[in-house]
2 protein chains.
Amino acid sequence: MENDFVKEITPKTEDFSQWYVDVILKAELADYSPVRGCMVIRPYGYALWENIQQLLDDRFKATGHKNAYFPLFIPESLLQKEAEHVEGFAPEVAWVTHGGNEKLAERLAVRPTSETIICNMYSKWIKSWRDLPVLINQWCNVVRWEKSTKPFLRTAEFLWQEGHTAHRTKEDAEEEALRMLEVYRDFVETDLALPVIKGEKSDNEKFAGASKTYTIEALMSDGRALQAGTSHNLGQHFAKAYDITFLDQDGQLKYVWQTSWGITTRLIGAIVMVHGDDRGLKIPPTIAPIQAVIVPIFGRQTELVLNKTNEIFTKLKSEVRIELDDRDEYTPGWKFNEWEMRGVPVRIEIGPKDIQRQQVVLVRRDTGEKFTVSESELLPRLKTLLDEIQENMFNQAKRFMRENIRKVDNFDEFKQIIDTKRGFIKTHWCGNPGCEKYVKEETGATLRCIPFSEQSTLGRCIVCNKESNIIAYFAKSY
Amino acid sequence: MENDFVKEITPKTEDFSQWYVDVILKAELADYSPVRGCMVIRPYGYALWENIQQLLDDRFKATGHKNAYFPLFIPESLLQKEAEHVEGFAPEVAWVTHGGNEKLAERLAVRPTSETIICNMYSKWIKSWRDLPVLINQWCNVVRWEKSTKPFLRTAEFLWQEGHTAHRTKEDAEEEALRMLEVYRDFVETDLALPVIKGEKSDNEKFAGASKTYTIEALMSDGRALQAGTSHNLGQHFAKAYDITFLDQDGQLKYVWQTSWGITTRLIGAIVMVHGDDRGLKIPPTIAPIQAVIVPIFGRQTELVLNKTNEIFTKLKSEVRIELDDRDEYTPGWKFNEWEMRGVPVRIEIGPKDIQRQQVVLVRRDTGEKFTVSESELLPRLKTLLDEIQENMFNQAKRFMRENIRKVDNFDEFKQIIDTKRGFIKTHWCGNPGCEKYVKEETGATLRCIPFSEQSTLGRCIVCNKESNIIAYFAKSY
Ligand SMILES: [Zn+2]
Ligand SMILES: [Zn+2]
């Protein structure tokens, strides 16, 4: 029976893509819906999103941002004002053409992102240097009509947050864009235990309408990269297209400088892909909807064990996110498997012998390690254990990422690694979009970022052999 | 100058509707957008919504509900499965017909409410009595293509929560519908300080597809009623239309019993209309984004006063939601008016003389009362003051409502009151939809609810004079 349970999940090594979908459906993070390309986020998946929202929102507010809400619909004429932007998004817009029984005079785009409608409002709200900076964030749904879809990673509708800020100077905007990238890095590494590479996108890969796009790139356990968050310095492109000006202290009318930045529900997909294994999910304790589960082992003393597990559950529940699984229709073994599959970081087993010895058994999801702890020590031990698991999960993922960054100077080797091991390939690039495009066409890998952390050294472009001091990370990606 | 400020708001008695819009725009709760019928909720208004969400969400979770997220789009064929439901909503649906450059094979409704898509998923998820009850809530945006719109009260897009539950028995569903109505009443009266009448809707006024609709009805200060929250017992209508069955403990396949319930951003409109006055907003302390504001009165001792106000601000900010208005471009008088207009419950004034006397001045927004308190007593006094203001605001609104419930037995009197004083009219009604319709056509008043609290007594229908023991509340409404 215990093996049956795990059999329902395709082994990760056998078919990574099927494993991913199996885990998501089986753990009830999400489900397919009758609407093409749209998924349902089930309560267990949504609880992850709520924890992500809370932890990020606290950081946004601590850096002076406020939340607001802008319309879902954007008139077509408004969307078209910034040329690069509309070109980037128009092919994937869902269009509302009728309201009730009437045909609309102008089509409305279901927002793919909100720069255009927000800039329209900013041009009304911002008048003086005293109004700056404007630091607004929005939590909402957006729609992009994608051809192929996959739960959390690529869906027609998804949930996200989008920050939109306006500043007095170019320097202020650049500082904000980098500040929010660092907020993302800190959140993703600390709370989601996902190590990332921080860097800048190439012109080819940047956001439609941005001056610069900064990114944090994570590495999935199949060796593909995933863009975990982006922060854009928009320069004055939108300010000029939407006429956002302010009277500066020197009496001059000037255009504002802007940023925008976002993360999405695809982070949940990244958690699954980086931490999960053949038994299912592994959720980092900080964001786990359930941090520990108590499984009573009744033996022949159901009442004794129920009383003790209830007592311990009551004692712990205000301190950790804990559940007591006292269902009588399943065996302990079945429950062990289920909670492992759902990625709960710690299992607490309590049976008659444990009660006699005034102890409980703790089992770690990350390592499988099992040990006893005296009942009186349970709470402090559990708390440090959750911290240890969080740290270990990060370190494991970090080790994997480090082992999968390969310095390559030769295009054949590049191709071979992309075909076999994947991971990040670190190489010199001349800065020419043509060379970047050649790599993509020949290998399927894209330029993920020009990392901040690398010391710039002189080398030769992997494609054209020209001398360059630009180091770039390439990878296949989601 | 101080009068100029107030002049920008139309007096409430002169033009209530204009006053309402003036207050909302001036206090920056919301703004008009370039999209017909859609508004922008600005940070100050959205902070109110965040507080509403937090306070309600805690109550939902305490009653065992979990949040999830279902698709924004609903295929036309799915919407049409429950006949009454589609008839009720089809005229106000916004339709997506194109994705990117392609025409869709089937039109997609932008959700006006989510029963249909959620029932479709429930029919897949629910199999056994062990799966019940299903207690799910969703926080999201919905769209209803309204002809005339007004900020918060009636907009094409609005934000809300919608609870959707499935139960094993008819009794369980009825209990849930009433439980959630009571959650709403408690929240709206305790936290928003809005007194309400709890009751049941007539068949005419109930939700499209429901067996019974329960409601809480608030009374605005212009004498119009506003539906503040509804809870529907859906019976088995949707279960039968969407085939949601379960195998019961007795081995029989049965349809589930369902409820749905919701509140929306229109509650923000109710807060404005019930509590506001000619000077602007009055926000109940429990949900006020800013509970107290410190206004330094510099006199000629700017540094001394700034130091002291900073010191007090730092001391209080972890205990109350407080702001320090140390802007040097405005006079204290200007600031007093601005913070009154924004409805901040308490103003704290601190000048050189106050510092000398180790005191501060407190001013209540609800009564205008002004008094001094010693600096050492400030925090405890401020906390009790916020409670007093909350209570006083509720009591004031409650008194107003009580004074505006009029028992009427004569149709001419009914008409006259609706034309002059408005408020709730309490009268006997025979239960015939024809009589209800007659009232609506002749007076513009609708049957708001059959209240729970009224002892049923025998009387005569206000229209047909038939004997009846049904007491109904009628009013003009938003
Ligand atoms: Zn090159
Ligand atoms: Zn009658």
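## A walk through the model

Let's start in chain A, where Leu379(A) sits in helix α13 (residues 378–403). Helices here are DSSP runs of H or I with at least four residues, strands are runs of E with at least two, and both are numbered from the N terminus. This is a predicted model, so local features need pLDDT of at least 70 and side-chain atom pairs count only at pLDDT 80 or more, while totals for chains, interfaces and linings use all residues. Residues are numbered from 1 along each chain as its sequence is written, chains are lettered from A and ligands numbered from 1 in the order in which they are written, and side-chain values use heavy atoms, with hydrogens and water left out.

Back to Leu379(A): with a relative accessible area of 25%, this residue is partly exposed. Buried means under 20% relative accessible area, exposed means over 50%, and partly exposed is in between, using a 1.4 Å probe and protein chains only. Setting aside neighbours within four places in sequence, Leu379(A) is in contact with Leu316(A) and Glu319(A), where contact means heavy atoms within 4.5 Å. Leu379(A) and Lys315(A) are 64 residues apart along the chain, yet their C-alpha atoms are separated by 8.7 Å.

Two threonines of chain A come next. Thr302(A) belongs to helix α10 (residues 302–316) and is partly exposed, at 39% relative accessibility. Thr265(A) lies in the loop between β14 (257–264) and α9 (266–275) of chain A. Its relative accessible area is 0%, so Thr265(A) counts as buried. Beyond neighbours within four places in sequence, Thr265(A) touches Ile41(A), Trp49(A), Phe152(A), Phe158(A) and Leu159(A).

Now for the metals. In chain A, the SG atoms of Cys430(A), Cys435(A), Cys461(A) and Cys464(A) coordinate the zinc ion (ligand 1) at 2.2 to 2.4 Å. Donors are N, O and S atoms within 2.8 Å of the metal (3.2 Å for Na, K and Ca), and water is not among the atoms, so sites may look incomplete. Along the chain, the donors of ligand 1 follow the spacing C-x4-C-x25-C-x2-C. Cys461(A) is buried at 2% relative accessibility, whereas Cys464(A) is partly exposed at 37%.

Over in chain B, the zinc ion (ligand 2) is held by the SG atoms of Cys430(B), Cys435(B), Cys461(B) and Cys464(B), at 2.3 Å. This site is tetrahedral too, with angles of 105 to 114 degrees among its 4 donor atoms. Both Cys430(B) and Cys435(B) are buried.

Staying in chain B, look at helix α11 (residues 332–341): 9 of its 10 residues are buried, so the helix is largely enclosed by the rest of the structure. Among the buried ones are Trp334(B), Phe336(B) and Trp339(B). Just after α11(B), Gly343(B) takes a positive phi of about 80 degrees.

Last stop: the axes of α3 (residues 43–62) and α9 (residues 266–275) of chain B come within 10 Å and cross at roughly 110 degrees. Therefore α3(B) is roughly perpendicular to α9(B), a label for angles of 65 to 115 degrees. Gly45(B), Leu48(B), Trp49(B) and Ile52(B) of α3(B) meet Leu267(B), Ile268(B) and Ile271(B) of α9(B).

Key
Axes fitted to C-alpha atoms, helices over the stretch in contact; angles between N-to-C directions. Parallel < 35°, antiparallel > 145°, perpendicular 65-115°, else oblique. Tetrahedral: all angles 85-135°; square planar, octahedral: opposite > 155°, others 65-115°.
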